[in-house]
Amino acid sequence: MADVEEKETVIVGGGPGGYVAAIRASELGQKVTLIEKGTLGGVCLNVGCVPSKALINAGHRLQEANDASVFGITTQPATIDFAKTQEWKQTKVVDRMTSGVTMLLKKHKVEVIEGEAFLDNDSQLRVMSVGPKQFMDNGGGATFKFKNLILATGSRPVEIPNFKFDGRVIDSTGALNLPEVPKELVVIGGGYIGTELAGAYANLGAHVTILEGTPSILPNFEKDMISVVVKNLKKKGVDVITSAMAKKSVQDDKSVSVTYEVDGKEETIKADYCLVSVGRKPNTDNFGLEMTSVKLDDHGLVEVDQQGRTSVNNIFAIGDIVAGPALAHKAFFEGKTAAGAIAGNKTANDWVGVPAVCFADPELATVGMTAAEAKDKGLEVATAKFPFAGNARAVSLDQPDGFVRLVYTKDGGNMVGAQVIGPEASDLIAELSLAVNGGMNVEDIALTIHPHPTLSEPIQEAADVALGFPTHI
């Protein structure tokens, strides 16, 4: 029988939540062991949000190179060497960032073990090698007794019937690593991932068809925001088919045929690849949680309190395996909270709103409540909106589509939510997130001088609208 080694704080999973928790725990004086069966950085850094933004950026560069005639610039048609694009994405973006995570963990003296963790009980786990044999103990792995445990095991793509991930039916990981830009791409699922990658490949030269089972793509955003994205997708030649149910796929070595049903009628599309992006499933199975007293809810998510503590006092859970949006920045925050709780600090996941961003064309971002959500909670709210068409910076960039909207209480003008669709919405939402989470009101924003000419001005302009003193509309 293998010896049992004692550890202070063990973290399972080296993705956004796990590695941040490890660094914070180390900063707070804990001896930390991080167990990761794949690559440090997790899905987000290796095959998710970071490489997808690299491809989105490449697509934008190609479009700009192909047509800048609005600025009086005439160019020859641009071409793309996609192998070179993929090499840049991997070596200059992903590898650079993952090596940075490795360096940070080393700097903070975090012990990193490559292997797969299996829980034995509420205070013990085993680590099995996933590569060359790491622990010479007759195949039983290494056994660790832990004082504290943080679970950060992430999530994986959902597979649907008749669309097994294989060959030309791919998940988001496969879509980010295609060897060429497809001539035809079918995307099943018009959520964040599907819409972003559909736009990226359309910009790179593919003809894309989105099949969405609900009446609208991006159902987590409001209708007037979605309409701007749909209009832009159609400009790129993307076919957006809603209320469409994917039925089956048939593939050979060169193509895949996708059959779907809409309005009771079956249709078939032939494409080079079919991307299935209909959601993600929490990784709470297959590593021994059932051997512990940790409780799961009906959706397979770990039940936690405001500090991320599970039903077992010394076990915490963060990121995609707990309730709330499956977002890397939420996992960052939860990792810091859990590490602080272990150190005895009065940390808590007590945010008012978590910002969410979709890197479509144009970008969408939201934080806090929409007007409808606020009213459902019994709040009397009003909204104020300012269009980017009235902003000099947006017009000079030839990106006038979209707006900033503030949601605030009628009595005190207190910010409870905000939405942005337009250029650099992903950056602008940070100021609005601060306003919502900090309990600011619209007058606070109106009295904050914003530099001119910048894309941030519509935030102040919307606050002026809320106060009844609009300037530029």
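This is a predicted model: local features need pLDDT of at least 70, side-chain atom pairs count only at pLDDT 80 or more; totals for chains, interfaces and linings use all residues.
Figure 1. Of the 473 residues, 50% count as buried.

**Figure 2. Overall fold and dimensions of the protein chain.** The protein chain has 13 helices and 22 strands. Its C-alpha atoms fill a box of roughly 75 × 60 × 45 Å along the principal axes. Among contacts between residues at least 6 apart in sequence, 62% join residues at least 24 apart.

**Figure 3. The aromatic pair of Y192 and F221.** A search of the whole structure finds four aromatic pairs. In one of them, the ring centres of Y192 and F221 are 5.6 Å apart and the planes are at 50 degrees, so the pair is tilted. Y192 lies in helix α6, whereas F221 lies in the loop between β10 and α7, so the pair ties together parts that are 29 residues apart in sequence. Y192 counts as partly exposed, at 24% relative accessibility. F221 has 6% relative accessibility and counts as buried, because the cut-off for buried is under 20%.

**Figure 4. The aromatic pair of F333 and W351.** The ring centres are 5.3 Å apart; with the planes at 80 degrees, the pair is edge-to-face. F333 belongs to helix α8 (residues 328-342) and W351 to the loop between α8 and β18, so this pair ties together parts 18 residues apart in sequence. F333 counts as partly exposed at 38% relative accessibility, and W351 counts as partly exposed at 27%.

How values were computed:
Residues are numbered from 1 along each chain as its sequence is written. Side-chain values use heavy atoms; hydrogens and water are left out. Helices (H or I, at least four residues) and strands (E, at least two) are DSSP runs, numbered from the N terminus. Buried means under 20% relative accessible area, exposed over 50%, partly exposed in between (1.4 Å probe, protein chains only). Contact means heavy atoms within 4.5 Å. Rings of Phe, Tyr and Trp (its six-membered ring) pair if their centres lie within 6.5 Å; planes under 30 degrees apart count as stacked, over 60 as edge-to-face and the rest as tilted.
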